[in-house]
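Subject: Structure handover

Hi,

Here is the structure I promised to pass on to you. Have a look at it first, and then read on for my notes.

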Amino acid sequence: MWSFLVSFLPRAVMQGMPLLYGSTGEILTEKAGNLNLGIPGIMYVGAISGVIGAFFYEQATQGGQMIGILAVLIPLLSCLLGSFLMGLLYCFLTVTLRANQNVTGLAMTTFGIGFGNFFGGSLIKLAHSEVPSLTFSNTCEYFGTGNYPGWLAYVGIVIALLTSLFLRYTRTGLHLRAVGENPATADAAGINVTRYKYAATTIGSMIAGLGGLYYVMECAHGTWANEGFGDRGWLAIALVIFTIWRPSVSILASILFGGLLILSEHLSLQLGIKDLYKLAPYVVTLLVLIIVSLRKKREDQPPQSLGLAYFREER
Amino acid sequence: MEGITKRFGSVVANRSIHLELHEGEILSLLGENGSGKTTLMNMLSGIYYPDEGQIYIHDKPVKIASPKDAFDNGIGMIHQHFKLVDIFTATENIVLGLKNEGRLNLKQASKRIKEISDKYGFDIDPNQKVYDMSVSQKQTVEIIKVLYRGADILILDEPTAVLTPQETDKLFTVMRNMQKDGKSLIIITHKLHEVLEVSDRVAILRKGEYIGDVLTKDANQQSLTDMMVGHAVSLNIDRPQAKELKERLRVEHLTVKDIEGVKRLNDVSFTANAGEVLGIAGIAGSGQRELLEAIAGLQPIEPESRIVYTDPSTGKEQVLNGMDPLKIIRSGVLLSFVPEDRFGMGLVGSMTITQNVMLRSYRRGKGPMLDRKFPKKLAEKIVNDLEVVTPNVDQIPLRRLSGGNVQKVLVGREIEQSPTVLMTAYAVRGLDINTSYTIYNLLTDQKMKGVAVIYVGEDLDVLLELCDRILVLCGGRVSGIVDGRSITKEEIGLMMTKVGGGA
Amino acid sequence: MHIIKRVGIAPWKAWMIRGIAILMALAVCAIITMIVTKLNPFSVFKTMVDGTLGNSLRTWRTGYRVAILLGISLAVTPAFKMRFWNIGAEGQVLAGALAAAICMFYAGKMPFFLNPNISLAVKDLIVITCMLIASICAGALWGFLPAFFKSRWNTNETLFTLMMNYVALQLVKFIIAYRDVKYPWSANGTVVGIFNSDQKLGSYQVGWFPEVGGSRYLLPIILIAVLTIVLYLYLKYSKHGYEIAVVGESERTARYAGIKVEHVIVRTMVLSGAICGLIGFMLVGTDRTLTDTLVDGRGYTAVMVSWMAKFNPIGMVFAAFLLVFMQLGAKEVASLPSLNLNHSFADILTGIILFFIIGCEFFISYKLQLSRHKKQGV
């Protein structure tokens with residue numbers, strides 16, 4: 001039993017971290033009233049942007065010695081840039097052009113996953129790889145050993161905690177929540193609704209994008225494979241509801257979800273049953289959604305203006 | 001304020017108004033609905049910008065282009081519709097939007113709020129969530145919000161409309177405390193006894209113009225009413241007498257509570273007869289909307305209420321309590337209703353005239369498909385009969401027609417149902433003179449056909465010339481039911497502001 | 001610069017704006033394609049046409065894909081017209097497909113259907129009827145649940161339907177990997193073969209959609225063409241359709257007119273789900289197998305198709321064709337031997353087109369007005 005926990009727990013944490021990044025980013029976005037269903041796509045873009053950065057740095061230093069700080073910073077910054085641009089696109093369409101958030105998000109997911117797989121595929125071709133995947137064994141050394149959660153996992157936990165504190169205890173956090181709840185009131189109080197929505201959504205996208213990078217560098221041991229990231233983006237959105245919009249709760253919940261993802265591999269189960277385990281996060285999330293709406297506790301509801309565009313002159 | 005004028009399109013909401021407010025004074029701004037009180041105050045609080053005129057504070061000319069400018073000049077307004085975030089506490093709402101206070105310290109803010117409320121006698125728990133608050137508590141939060149920002153001039157837009165008498169007394173105490181502290185207050189109202197009770201001076205607006213001001217100690221209800229309503233104007237609306245009156249609708253002890261448990265209608269009883277126009281007069285928000293919606297089956301009513309309908313052909317009585325609109329239709333009661341909020345309730349703006357005409361009658365005919373010929377014919381008939389100006393009936397969305405034409409479609413549709421009871425709420429609001437007369441004549445025609453017409457109106461001159469009887473509502477209660485031919489404007493004015501009327 | 005909401009816009013103007021947006025999107029796509037492939041746009045276009053309509057097999061395949069996407073788009077439309085954000089078509093189709101597949105799979109194991117002396121027509125009649133009923137019920141159930149909770153307790157339908165997608169997906173994965181003691185669904189736990197494909201057995205071809213006009217694709221295409229017309233009539237000319245439109249525009253107006261809003265929400269979502277289930281049935285009947293990529297994100301694409309066409313079934317035919325053409329065409333371009341690009345190229349181009357169409361709606365609902373006056377009031 002002990003040995004099972006020792007081998008299982010670290011892996012559960014590692015599987016949970018991409019979800020934690022994704023859900024933290026999405027919570028921040030949703031608190032500003034933007035329901036960003038593009039998160040799965042943004043996480044793909046974040047991952048591939050990081051991979052592109054790592055790829056070119058490894059190519060440049062071919063055989064030579066890599067400088068640690070650059071090996072970390074280049075993928076990190078390119079990941080942030082990629083996901084930032086995606087967040088910006090989402091904001092431009094939904095906030096400035098007031099487009100429907102659901103449709104925009106879904107289109108971004110289509111685009112983002114396509115973008116990730118296309119460039120992933122192209123890099124694989126560029127590297128003349130035998131297998132349909134790319135491995136950055138050199139770069140990933142700087143991120144962690146692959147057996148235990150590396151530093152980026154702790155960064156994720158810190159970001160989640162800070163986001164919780166930010167939303168709860170700071171003036172800006174208060175203003176942000178007001179924007180998501182009731183933009184007209186926030187506007188009347190002199191808060192720049194557009195600026196808050198842009199900031200929260202782009203920063204949220206960047207956090208989510210880091211989750212993609214984390215997945216490649218740690219969960220997959222520095223290996224990019226097309227479709228490898230799977231449906232984790234949607235799980236991250238499920239996590240937002242499951243934790244009732246609380247990033248700090250999401251730290252444990254994401255590890256729980258991560259554990260469920262790999263539990264079946266640790267238990268020698270019949271093949272089909274494994275998929276029933278994977279059903280659990282979604283069913284539990286549905287139950288939470290239902291219970292929350294039954295209880296009608298106001299703090300637990302989605303932000304009131306979630307999904308709605310704000311236009312001052314329309315009352 | 002000097003020479004303030006504000007126009008909306010071709011409508012002049014305020015015409016060169018001069019208004020003065022002294023330090024440490026409570027000023028009442030009195031006027032009927034639509035007399036331009038709120039517009040004028042919105043220019044002080046930075047929501048509108050005057051087309052002409054200048055505002056001075058302490059004799060210095062100032063420019064107020066935004067709510068922020070107003071705050072900077074120490075002006076704060078408490079609107080009728082509260083701007084609060086429901087899931088925030090009182091404190092969080094009060095500090096919302098403040099930027100120059102360093103980092104957020106809710107404890108310290110709560111302490112300051114406590115200080116302010118102790119100083120003026122507010123009763124508030126800074127950590128209570130807004131969704132748990134009563135209307136009067138929410139109003140308190142709004143007032144403290146303004147004080148917290150250091151306002152010296154407070155404008156309260158009809159603050160008592162949503163309060164119980166006890167809460168009103170409390171508010172007045174607080175207002176006097178603020179006055180003692182040297183703050184200046186403007187209270188917008190049309191309740192005369194409150195004006196007399198709380199203010200030092202009264203300024204009166206009528207139809208967008210400044211009529212004058214008077215010290216409260218020199219005024220009484222009668223003199224204020226005269227200034228507010230002006231002299232009766234003859235409109236020459238044709239008012240024939242119907243041959244026979246028959247009871248059609250009887251309302252007994254009707255009581256309606258809103259979501260927050262406040263009684264919007266309290267023990268209202270009356271009858272509406274076939275062959276007469278029953279006018280409903282009252283200050284806005286006295287329960288007119290609730291009354292009509294309760295009869296139409298759109299408002300839950302308290303158990304002691306009874307709404308009884310008498311069928312014109314069989315003479316049988318039928319209780320409408322607890323019926324939804326569909327049940328009312330199905331039970332053969334021909335009830336027509338022209339609601340106040342045209343696009344919010346009676347019509348669909350994005351649909352064509354034909355589709356809107358269908359709204360009442362789309363269930364006609366057997367089978368799952370719509371009968372399209374009938375509503376189109378009906379739509380064309382309405383367009384012809386009422387001279388609706390429109391390029392076509394089944395292409396253009398209704399929203400693109402002018403207000404008068406939209407209203408004609410709505411009224412036309414309701415009349416074409418050949419109702420036995422026709423209820424209208426503010427049927428001529430926003431319409432020009434000609435269209436208004438068209439509507440008056442239509443209602444009178446209906447009356448002569450033996451329909452029981454209920455007309456909720458705001459213009460007393462019209463009520464006096466159109467209606468056979470007038471029911472006056474005041475704060476959700478019946479203030480009196482009077483004969484439309486013999487009553488005077490002043491008498492109704494008094495009844496509107498105080499149950500039973502009389503000085 | 002000042003933004004004003006338009007009171008209304010002539011339909012032709014709106015469609016012109018959308019047309020311009022699509023042209024601009026295509027231009028951007030062409031430029032990107034040129035950069036990536038270094039081919040001239042005309043030969044790229046020719047390749048795309050070739051890939052989608054080049055020979056009869058491709059034309060059939062394109063037609064079938066357009067039909068399925070159109071079918072799912074039609075299914076979500078009634079809910080959208082009601083302003084009910086059903087993004088659960090993916091799950092509703094999968095649920096229907098799963099139900100149909102279970103019927104088809106187990107029928108092939110029953111003695112009655114294994115009996116070679118009973119004619120295929122009789123067996124088909126029984127099995128296909130069962131499949132039809134089961135898949136419609138399953139889809140309807142997937143639609144009913146979110147609607148029920150929405151109408152009773154105002155549960156957020158977007159999030160609810162989203163989760164339901166993955167419940168259905170995991171159920172499908174489960175059944176594919178399921179080791180039934182007697183009849184395992186698949187040999188290796190990942191791929192289910194073609195159902196009832198053993199020529200030696202009496203159950204050969206049981207539950208397969210018959211080939212009509214020489215192609216197995218024609219029957220679903222015809223069915224969906226009929227569905228398009230029926231749904232067009234339903235939305236535009238039926239009492240239900242009228243109720244849906246009124247509820248979508250204003251719930252208060254609907255109540256005023258005596259429409260029971262909760263009832264309409266549940267009824268419409270059951271219909272939406274049932275049509276999705278029907279599409280799942282067609283997919284299984286035509287493909288004769290069940291995979292977890294059977295729907296392949298088309299449930300989400302359908303949301304965009306329906307929205308792009310402004311919920312007009314006829315407009316959806318064109319929108320669905322445009323997207324399928326881009327998808328299949330770009331795949332064809334990507335797989336040119338000289339290029340050998342990744343197939344996901346198609347998703348990038350689809351995304352770009354969608355962004356332009358999404359963005360252009362702004363110019364339909366609002367107009368920009370240049371004004372030198374400072375904005376006054378609120």
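**Chain B as a whole**

Chain B contains 17 helices and 20 strands. Please keep in mind that this is a predicted model. As for burial, 47% of the 503 residues of chain B count as buried. If you take the contacts in chain B with a separation of 6 or more, 67% of them come from residues 24 or more positions apart.

**Two helices in chain A**

Two packed helices are described by the angle between their axes and the distance between the axes. In chain A, helix 3 (residues 68-96) packs with helix 9 (residues 193-219) at an angle of about 140°, and the axes are 7 Å apart. An angle over 145° would count as roughly antiparallel, and helix 3 of chain A and helix 9 of chain A are therefore oblique to each other. The crossing of helix 3 of chain A with helix 9 of chain A is right-handed.

Which residues meet there? On the helix 3 side of chain A they include Pro75(A), Gly82(A), Phe84(A), Gly87(A) and Tyr90(A), while helix 9 of chain A brings, among them, Lys197(A), Tyr198(A), Gly204(A), Met206(A) and Gly209(A). By class, the residues of this contact between helix 3 and helix 9 of chain A are 14 nonpolar, nine polar and one charged.

**Where chain A touches chain C**

The contact between these chains involves 46 residues of chain A and 42 residues of chain C. On the chain A side, helix 4 (101-126), helix 10 (232-242) and helix 12 (271-295) each supply at least two residues. The side of chain A that touches chain C divides into 26 nonpolar, 13 polar and seven charged residues.

**One residue to look at in chain C**

Phe345(C) lies in helix 14 (residues 345-365) of chain C. Is Phe345(C) buried or exposed? It has 26 C-beta neighbours inside 10 Å, so Phe345(C) counts as buried. Leaving aside residues up to four places away in sequence, Phe345(C) touches Phe118(A), Ala330(C) and Ala334(C). Ala177(C), by contrast, is 168 residues from Phe345(C) in sequence and 31 Å from it in space, C-alpha to C-alpha.

Definitions and conventions:
Residues numbered from 1 in each chain as written. Chains lettered and ligands numbered in written order. Predicted model: local features only at pLDDT ≥ 70, side-chain atom pairs only at ≥ 80, totals over all residues. Axes fitted to C-alpha atoms, helices over the stretch in contact; angles between N-to-C directions. Helix = DSSP H or I, 4+ residues; strand = E, 2+ residues; numbered from the N terminus. Parallel < 35°, antiparallel > 145°, perpendicular 65-115°, else oblique. Left-handed = near helix turned anticlockwise from the far one by under 90°. Contact = placed C-beta atoms within 7 Å. Nonpolar A, V, L, I, M, F, W, Y, C, P; charged D, E, K, R; others polar. Buried ≥ 20, exposed ≤ 12 C-beta atoms within 10 Å, placed from the backbone.
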